[in-house]
Amino acid sequence: LASHEPIDGNLVIGGSDAKAFAIGFSFAENVIGWKNLFSEDPLQIKAYVEGSSITANGGLSLDAGSTARIDATVAATAVAIAGSAGGGLALTGAGLTTFNRISTDIGAFIDGSSITTTGDAVSLSALDNSTIRADGQAVAVAANVSGDSGGAVAIGLSLAHNEIDNGVTAYIAGSSLLTSL
């Protein structure tokens, strides 16, 4: 589970013949199975038998699963207020970007082995339930309370890049299986 909650805020108030400007920005990087934002290094989740001989009373079950999860809340806030009896202006911008990436290799396998079971079967299962929840909150507020002339501009922008790049495999290769029920 990865969670990130940066909040960036900015408040500007202008007075006599006022001008007010405000900028707020946040950046978040949440990764599982990555060394950093640009270098993938998948998390390994394996259940396997390799180059072995197994005799089992009952069955043989190999299960591999992932529930990798990223919950990200990222916020940026900017407020500009201009107020005077004469002229005024208020400009504000708030923005954020968040990158959320999950990379895993999930595998259940039997390779180059001899398996003998009595009473039940051989089963393999590989399952991926990875999730990303990203909540981007960019708030920009501009207000002008001037007597003669005025103006107010507010811009808010939220960008989220979410990626799940998981490999899921289950196989039996180069092995002999003998099951008697």
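What does R133 pair with? It forms a salt bridge with D71, and the closest N and O atoms of the two are 3.5 Å apart. This pair links distant parts of the chain, since R133 belongs to strand 13 (residues 131–146) while D71 belongs to strand 9 (residues 69–84), 62 residues apart. As a general idea, side chains of opposite charge can pair when their charged atoms come close.

Now stay with D71 for a moment. Is D71 buried or exposed? Its relative accessible area is 19%, and because the limit for buried is under 20%, D71 falls into the buried class. D71 also meets the side chain of R69 in a salt bridge, with 3.1 Å from N to O. R69 itself has a relative accessible area of 35%, so it is partly exposed.

Next, find the salt bridge between the side chains of E163 and R101, where N and O are 3.1 Å apart. E163 sits in strand 14 (residues 153–164) and R101 in strand 10 (residues 90–102), so this pair ties together parts of the chain that are 62 residues apart in sequence. E163 is partly exposed, at 23% relative accessible area, whereas R101 is buried, at 14%.

Finally, how much confidence does the predictor place in what you see? The chain has an average pLDDT of 87, and 91% of its residues score at least 70. Confidence is highest in strand 11 (residues 104–111), at a mean of 97, and lowest in strand 1 (residues 2–4), at a mean of 42. Across residues 1–10 the pLDDT is below 50, although this stretch does have 37 contacts in the model beyond near neighbours in sequence. Where pLDDT is low, the predicted coordinates should not be read in detail.

How values were computed. Residues are numbered from 1 along each chain as its sequence is written. This is a predicted model: local features need pLDDT of at least 70, side-chain atom pairs count only at pLDDT 80 or more; totals for chains, interfaces and linings use all residues. Side-chain values use heavy atoms; hydrogens and water are left out. pLDDT is the predictor's confidence in each residue, from 0 to 100. Helices (H or I, at least four residues) and strands (E, at least two) are DSSP runs, numbered from the N terminus. Contact means heavy atoms within 4.5 Å. A salt bridge is a side-chain nitrogen of Lys or Arg within 4 Å of a carboxyl oxygen of Asp or Glu. Buried means under 20% relative accessible area, exposed over 50%, partly exposed in between (1.4 Å probe, protein chains only).
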